[in-house]
Amino acid sequence: MKDDDAQRAVTYGLFAAWALHDIEELAFGPRWLRTHLPALRERFPGVPDRVWEAAAAVDEREFAVAVGAMGVIVAAASAAGARTGGRSGFYQGALTGFGLHGLVHMAQAAAVRGYTPGSVTSPLIVVPFTLWARGRLRRAGVLRPTRARDAAAGLALATASVILSHAVARRITGPR
């Protein structure tokens, strides 16, 4: 990318968009889940009990530490993008994963037919930022072609980052 301001907006913008989105998740995540867990279990009986138990075990402290750990990952991806003019595979994978995770939030809200944490900022910030950033990268000639396996890899990166962030958080916050 040639325009330094545009490059910074595209690469460091990932971190800024993530931070705005995760403010919503921090504000409502664990409390919303605790409040809605009985109804979710009833509505989705096919979900294994261990999934519900793991979700219920995440308290505000662990969640906040996990968000901090995720912030380190997103910051690293943004910095990799900035260093490479947006060419970094790590950055592009994180950007793709970020956008797809926004679609997952929107699907979750549709599935419960109401609000879920992250469902407000996903259509307002996550998805629009991702589409804008990908468009800028495409116009600059640095966006790698995205195939189905690339989208799957981006979503896998996002999922692995969430799992890693929560594992780090559990290690830091200790047993309950």
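**Reading the fold and its cores**

Modeller: Start with burial: buried residues make up 42% of the 176 residues in the chain. Keep in mind that this is a predicted model.

Biologist: How many helices and strands are there in the chain?

Modeller: The chain has six helices and zero strands. Read from the N terminus, its elements run α-α-α-α-α-α. The radius of gyration is 17 Å, close to the 16 Å from the globule rule for 176 residues, so the chain is as compact as a globular protein of that length. Along the principal axes, the C-alpha atoms fill a box of roughly 50 × 35 × 25 Å.

Biologist: What share of the contacts between residues at least 6 apart in sequence join residues at least 24 apart?

Modeller: That share is 80%.

Biologist: How should I read the surface and the charges?

Modeller: For the surface, look at the total area and at the atoms that make it up. The accessible surface comes to about 9,500 Å², and 65% of that belongs to carbon and sulfur atoms. For the charges, look at the counts and at where the two sets are centred. The chain carries 21 positive and 13 negative side chains, with the centres of the two sets 7 Å apart.

Biologist: And the interior?

Modeller: In soluble globular proteins, nonpolar side chains tend to be buried together. In this chain the largest nonpolar core has 20 residues, and those with the most contacts inside it are Leu14, Tyr91, Leu95, Phe98, Phe129 and Leu137. At least two residues of this core come from each of α1 (4-43), α3 (60-83), α4 (89-112) and α5 (121-139). Helix α3 supplies the largest share, five residues.

Biologist: Which residues does Leu14 touch, not counting those up to four places away in sequence?

Modeller: Leu14 touches Val74, Ala77, Ser78, Tyr91, Ala94, Leu95, Phe98 and Phe129. There is also a second, separate core of six residues, among them Leu33, Leu40, Trp52 and Val112.

Biologist: Take Val65 in helix α3. Is Val65 buried or partly exposed?

Modeller: Compare its relative accessibility with the cut-offs: buried means under 20% and exposed means over 50%. Val65 has 24%, so Val65 counts as partly exposed.

Biologist: What is Val65 in contact with, leaving aside its neighbours within four places in sequence?

Modeller: Val65 is in contact with Ala169, Ile172 and Thr173. As for Thr11, 54 residues from Val65 along the chain, the C-alpha atoms of the two are separated by 24 Å.

Note on methods
Residues numbered from 1 in each chain as written. Predicted model: local features only at pLDDT ≥ 70, side-chain atom pairs only at ≥ 80, totals over all residues. Heavy atoms only, no water. Helix = DSSP H or I, 4+ residues; strand = E, 2+ residues; numbered from the N terminus. Rg over C-alpha atoms; globule rule 2.2 N^0.38 Å. Buried < 20%, exposed > 50% of the residue type's maximum accessible area, 1.4 Å probe, protein only. Contact = heavy atoms within 4.5 Å. Areas by Shrake-Rupley, 256 points an atom, 1.4 Å probe, with all protein chains shown as cover. Lys, Arg positive; Asp, Glu negative; His and termini not counted. Charge placed at Lys NZ, Arg CZ, Asp CG, Glu CD. Core = buried A, V, L, I, M, F, W, Y, C linked by side-chain atoms within 4.5 Å.
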